[in-house]
Amino acid sequence: MKIIAVTNIKGGVGKTTAAVNLAYLCAAGQPTLLWDLDPQGAATYLLRGAPHEHASAKKLVAGNRELPELILSTGYARFDLLPADFSYRNFDVHMSARKRPTERLLKMSRSLRETYAALFLDCPPGISLLSENVLRAADAVIVPLLPTPLSVLMLVQLRDFIAEEGWVDLALLPFFSMVDRRKSLHHEIIASTRQQFPTILATEIPYWSEIERMSLRRAPLPAFAPKSPAAQIYGALWREIAQRMGAAANQPAVTAPAAGPAAQQQRVESVASRRGTGESLGGVIAT
Ligand SMILES: Nc1ncnc2c1ncn2[C@@H]1O[C@H](COP(=O)(O)OP(=O)(O)O)[C@@H](O)[C@H]1O
Ligand SMILES: [Mg+2]
């Protein structure tokens, strides 16, 4: 099972929108679960799920309740949901009280490994013990980036943190979100950030009211408007992500020292099978 987190320290950048659309697209090819980790429950709302009332972050963290008990069907084939719970606001408190506090989420996810090929994590904003757990567990981290100087700074910090932790097989996959190409500032920031981070995904998600409309329709875009430009662009984003993950999974875990910072970055951003599952998402989905 590949764990794919959608995260950003900021709220309102398009995390939940991306998580719902990408998980739906992933489910076209394989059993996929979306875990709504944000106590606000936006992904749960978009997928018409009801938040759980008795999920209890405390019991989950302690191992007294298992995630499979809480899974709901979304009504779409191969696509299930772990709905949000208000108790998730206390994840940090419960995790910090346990041994190996940064490995709790990885441990919780083990009960899902046999059932799903992909687990998407829709994360709340902020930096917390929960976000560290997410990065520790993930094979890939998708980061929606607003074209502003501050988001670029955040990306640098995130990349450095991953490198410091030595998580060489965690794929860092940022993409520009809510882009308004009519704004020259967006043009400038995107161009300069791409120079600094050549591995940012090529697909950009524009600021479109069609995308915002998802919250009225309460369904993934590719489900209610598969031919729309907005659905197409999430399709392109997903193909790129699946290809990146597939390509990285096919690389040997230990790469010979290669030339230059680009090669170094490629290694930092490569995905391998940290938990020993060798399967490649790219092979299944990138059709
Ligand atoms: N590309 C986009 N264009 C226009 N509106 C968007 C876009 N992506 C998301 N939105 C809207 O912006 C708001 C925040 O998006 P959301 O995905 O919930 O962000 P986050 O999860 O980062 O807080 C929602 O109302 C959503 O419908
Ligand atoms: Mg959200």
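Visitor: Which residues of S6 are buried on one side and which on the other?

Guide: A residue is buried if 20 or more other C-beta atoms lie within 10 Å of its own, exposed if 12 or fewer, and partly exposed in between, the C-beta atoms being placed from the backbone. Ala140, Ile142 and Pro144 on one side of S6 are buried, as are Val141, Val143 and Leu145 on the other. Strand S6 spans residues 140-145. Helices (H or I, at least four residues) and strands (E, at least two) are DSSP runs, numbered from the N terminus.

Visitor: On what conventions does this reading rest?

Guide: The model is predicted: local features need pLDDT of at least 70 and side-chain atom pairs count only at pLDDT 80 or more, while totals for chains, interfaces and linings use all residues. Residues are numbered from 1 along each chain as its sequence is written, and chains are lettered from A and ligands numbered from 1 in the order in which they are written.

Visitor: Which strands pair with S6 in the parallel sense?

Guide: Two strands pair if DSSP finds at least two bridges between them. Strand S1 (residues 2-6) runs parallel to S6 and is joined to it by three bridges, with Val6 partnered by Ile142. Strand S7 (residues 171-176) is also parallel to S6, over six bridges; here Ala140 stands opposite Ala171.

Visitor: What is the handedness of the crossover from S6 to S7?

Guide: A crossover is right-handed if, with the strands pointing away from the viewer, the path from the first strand over the helix to the second runs clockwise. The β-α-β crossover from S6 through helix H7 (residues 149-165) to S7 is right-handed.

Visitor: Against which elements do the buried residues of H6 pack?

Guide: Contact requires C-beta atoms, placed from the backbone, within 7 Å. Helix H6 (residues 129-137) has among its buried residues Leu130, Val134 and Leu135. The buried residues of H6 pack against several elements, including S1, S6 and H7.

Visitor: Which residues touch the most other members of the largest nonpolar core?

Guide: A nonpolar core is a set of buried Ala, Val, Leu, Ile, Met, Phe, Trp, Tyr and Cys residues joined through C-beta atoms within 7 Å. In the largest, of 75 residues, they are Leu22, Phe120, Leu121 and Ala138. Helix H1 (residues 15-27) contributes the largest share, nine residues. Beyond its neighbours within four places in sequence, Ala138 contacts Ile3, Ile4, Ala5, Leu121 and Leu170.

Conventions. Two residues are in contact if their C-beta atoms, placed from the backbone, lie within 7 Å.
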